[in-house]
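Thanks for coming, everyone. Let me put the model on the screen, and then we will walk through it piece by piece.

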Amino acid sequence: MNSSKHTELANHAWSVADLLRGDYKQSDYGKVILPFTVLRRLECVLAPTKDKVLEVAARYEDQDINPDRFLRKASGHSFYNTSTYTLKAIAGDASHAAKYLNQYYGAFSPNAREVLERYDFAQQIKRLEAADLLYQVVGRFADLDLRPVKRDEDGNVVLGEDGKPVEIVTNHQMGYIFEELIRRFAEQSNETAGEHFTPREVIRLMVNLLVAPDTDALSLPGTVRTVMDPACGTGGMLSAAEEHITAHNRDATVKVFGQELNPESWAICRSDMMIKGQDPENIKFGNSFSDDGHTSATFDYLLANPPFGVEWKKVKDAVEYEHEHLGESGRFGAGLPRINDGSLLFLQHMISKMKPVDASGAGGSRIAIVFNGSPLFTGAAESGESKIRQWILENDWLEGIVALPDQLFYNTGISTYFWVLSNRKARDRRGKVVLLDARDYSRRMDKSLGDKRKKLDEQHISEITRLYTEALAVVDAAEKGGGHDLTDRAGKIKVFRNEDFGYHRITVERPLKLRFEVTEETLAALTASKPIARATNVKEFMAALRPLVGKSWTTKSDAWIDLKDAIVAAGLSWPTGAPFGKALREVVGIRDPEGEVQRVKGEPEPDPELRDYENVPLEEDVEEYLRREVLPHVPDAWIDHSKTKVGYEIPFTRHFYVREPLRPLGEIDAELKALEGEIQALLGEVTK
């Protein structure tokens with residue numbers, strides 16, 4: 001099916017919006033259109049075996065036996081419907097449409113009925129009936145041809161000239177229709193950037209990178225692979241992974257698993273899996289963080305496009321409990337990211353489901369996940385994000401990161417990245433990470449779709465896949481410190497060691513230097529100092545010090561002698577205690593680069609206002625760094641080693657930054673003069 005055909009079918013389904021207008025809000029159109037599309041697809045798929053299913057249902061009607069497995073066998077699918085009704089027949093009886101449709105819907109097998117229940121289908125029937133729209137909506141969908149293959153009047157499959165069935169709407173093509181409807185629903189609902197589905201060409205590239213190193217193994221006879229997506233949406237990634245693997249080996253067995261929080265998306269994914277012969281029970285409903293539907297399970301391949309920048313506050317208690325009580329034996333032992341972005345929680349969840357590698361090297365898994373830029377660098381040293389990155393890199397799971405063009409997704413124009421991970425890296429790839437800058441590999445679309453203004457052509461997908469695969473083949477060439485630049489031979493590619501992304505966050509201190517003076521401002525500041533107010537009578541204290549207004553000292557000891565003398569001369573006692581002394585110094589002490597160095601127990605006291613931080617590469621000696629980079633500029637600086645932290649970040653953009661040369665001054669001057677001439681000409685026309 002070409003794109004115009006699937007758009008035509010999606011338009012047919014979405015045309016129901018014309019009927020709903022006025023009785024439904026725009027944001028609710030999808031609540032009717034999506035379940036009816038699913039219902040119609042199920043009906044079209046089951047139509048060829050309908051008579052056989054009805055025959056089996058009648059045979060077991062009065063028997064004390066559950067006929068479920070016999071009905072499944074009769075239908076040829078993992079689901080069935082035992083009603084004699086069809087949408088076309090129901091549409092033809094407007095007065096009984098609601099009654100018959102409820103009976104028809106209730107006659108589906110439990111797994112199919114559960115899908116429609118997630119759409120709150122019974123409530124939609126009631127609402128449409130009340131608006132006198134039900135029979136019209138049913139009629140519109142009864143005319144939507146979603147048959148998988150063409151059949152003649154006797155129900156026989158029509159074959160083409162090549163001897164193969166003439167396809168009308170394949171499962172893959174049905175995915176396009178579903179996703180087009182989901183996209184429109186998302187636009188009408190004003191969904192956030194994080195709640196988008198993934199364009200098909202992006203999925204194809206992602207699956208290519210995930211599976212590419214295993215091409216030979218996948219072609220072996222008897223190949224069995226499991227694929228899991230913990231944020232599976234409508235199932236696009238699972239379908240693409242299955243198709244990619246079976247394209248290499250038609251006899252391969254691919255079992256897909258997923259979990260989805262959005263009920264409409266879950267319903268579409270589950271119905272899609274039913275239609276394709278997959279076990280719909282493998283698609284779980286619920287939040288992957290708080291209600292893991294695949295506890296203790298492991299998979300060969302894991303891939304996901306989790307929501308960007310979506311907070312995990314709703315599952316905070318469950319996640320924190322697992323982090324604190326299960327630690328490394330749970331999913332989130334490495335660390336917790338900030339509450340407003342759960343991206344790295346998804347990655348930890350996926351890592352927990354990698355198959356272990358045995359002593360012979362068998363087993364293991366590969367992971368691909370879509371992120372925005374935040375997980376690369378967000379979070380300071382020893383923050384939750386940094387600890388998660390450290391955990392991943394120190395375990396040598398990160399294989400590569402690919403930067404994608406911006407404006408690839410329908411509901412967000414931000415830049416995105418593929419992270420590819422594996423716990424079964426080839427020996428010569430261990431300890432190394434590939435960075436591939438593919439931001440220039442796209443073309444502008446003739447017509448934008450939401451925020452999607454760029455597209456990956458097959459040529460782009462093939463080229464990026466080739467570059468990444470070639471980079472993996474030469475990662476053993478990575479040089480120590482800073483990465484091996486492969487730009488000249490294979491585009492924008494660099495290879496780094498894992499430790500290249502680590503750093504020490506050092507605290508550089510400089511001494512507090514003060515001179516001392518008493519001014520009118522000093523006296524005024526005394527009234528605002530709570531420690532001084534608690535230690536003495538502020539008014540009497542101010543009066544005692546007033547004779548010293550205008551006087552200054554270069555050392556604290558000299559200042560304190562004169563201040564004490566003034567207090568004693570006024571008949572007052574000099575307060576004791578560190579809080580008073582510190583507060584008084586804050587009032588009369590003035591920062592001065594030439595002032596006296598303040599000391600605590602003989603050691604220079606650091607000045608918080610001059611404190612600075614530096615990120616030093618993990619393997620570099622921090623004292624040597626201080627001598628080389630800091631002391632030539634501030635000779636009295638030192639490192640407070642008690643505050644040193646270890647951090648990990650992946651500054652992707654910095655590694656591929658290309659400095660633009662400054663334009664010649666003469667060129668800029670000529671341009672300014674030309675603009676000035678244009679302005680003068682325009683002003684002349686205005687004043688005519």
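Let's begin with aromatic rings. A search of the whole structure, which is a predicted model, turns up 21 aromatic pairs. Take Y104 and F108 as one of them. Their ring centres are 5.7 Å apart, and the planes meet at 45°, so this pair counts as tilted. A tilted pair falls between the two cut-offs, under 30 degrees for stacked and over 60 for edge-to-face. Are Y104 and F108 buried or exposed? Both of them are buried.

Now the next pair, Y105 and F121. Here the centres lie 5.2 Å apart and the planes stand at 75°, so the pair is edge-to-face. Where do the two partners sit? Y105 belongs to helix 7, residues 97-106, and F121 to helix 9, residues 121-130. The pair therefore ties together parts that are 16 residues apart in sequence. Y105 has 9% relative accessibility, so Y105 counts as buried. F121 has a relative accessible area of 0%, and is buried too.

Rings can also join up in a group. Ring pairs link F516, F541, W560, W574 and F580 into a cluster. Keep W560 in mind. Its ring has a charge over it: the charged end of K556 sits there, 5.2 Å from the ring centre. There is another such case at Y24. The charged end of R127 sits over the ring of Y24, 3.7 Å from the centre.

On to helix packing. Two packed helices are described by the angle between their axes and the distance between the axes. Back to helix 9, then. Its partner is helix 3, residues 29-46. The two axes are 11 Å apart, at an angle of about 115°. Helix 3 and helix 9 are therefore roughly perpendicular to each other. Their crossing is left-handed. Who makes the contact? From helix 3, we have K31, V32, P35, F36 and L39. From helix 9, we have F121, Q124 and L128. So F121 turns up again: F121 pairs with the ring of Y105, and F121 is part of the contact with helix 3.

Helix 17 covers residues 343-351, and helix 19 covers residues 384-394. Their axes come within 11 Å and cross at roughly 30°. That makes helix 17 roughly parallel to helix 19. This crossing is left-handed. Helix 17 brings L344, L347, Q348 and I351 to the contact. Helix 19 brings E385, I388, W391 and I392. How many residues of helix 17 are buried? The count is 9 of 9, and the helix is mostly covered. Among those buried residues are S343, F346, H349 and M350.

Now some single residues. Start with L523, in helix 22, residues 520-527. L523 has a relative accessible area of 1%, so L523 is buried. Setting aside residues up to four places away in sequence, L523 touches V518, M542, L545, R546 and V549. How far is L523 from P199? They are 324 residues apart in sequence and 69 Å apart in space, C-alpha to C-alpha.

Then E605. You will find E605 in the loop between strand 19, residues 603-604, and strand 20, residues 612-617. Its relative accessible area is 17%, so E605 is buried. Which residues does E605 contact, leaving aside its neighbours within four places in sequence? The answer is R510, P511, L512, R585, Q598, R599, V600 and W638. K73 is 532 residues from E605 in sequence, and 82 Å away in space, C-alpha to C-alpha.

Last topic: backbone angles. K601 is not a glycine, although its phi is positive, at about 55°. K601 lies in the loop between strand 18, residues 599-600, and strand 19. K601 has a relative accessible area of 84%, so K601 is exposed. S296 is another case. Its phi is positive, about 70°, although S296 is not a glycine. S296 sits in the loop between strand 3, residues 283-285, and strand 4, residues 301-304. With 70% relative accessibility, S296 counts as exposed.

That is the tour. Over to you for questions.

Key:
Residues numbered from 1 in each chain as written. Predicted model: local features only at pLDDT ≥ 70, side-chain atom pairs only at ≥ 80, totals over all residues. Heavy atoms only, no water. Phe/Tyr/Trp six-rings, centres within 6.5 Å; stacked < 30°, edge-to-face > 60°. Buried < 20%, exposed > 50% of the residue type's maximum accessible area, 1.4 Å probe, protein only. Helix = DSSP H or I, 4+ residues; strand = E, 2+ residues; numbered from the N terminus. Lys NZ or Arg CZ within 6 Å of the ring centre and 35° of its normal. Axes fitted to C-alpha atoms, helices over the stretch in contact; angles between N-to-C directions. Parallel < 35°, antiparallel > 145°, perpendicular 65-115°, else oblique. Left-handed = near helix turned anticlockwise from the far one by under 90°. Contact = heavy atoms within 4.5 Å.
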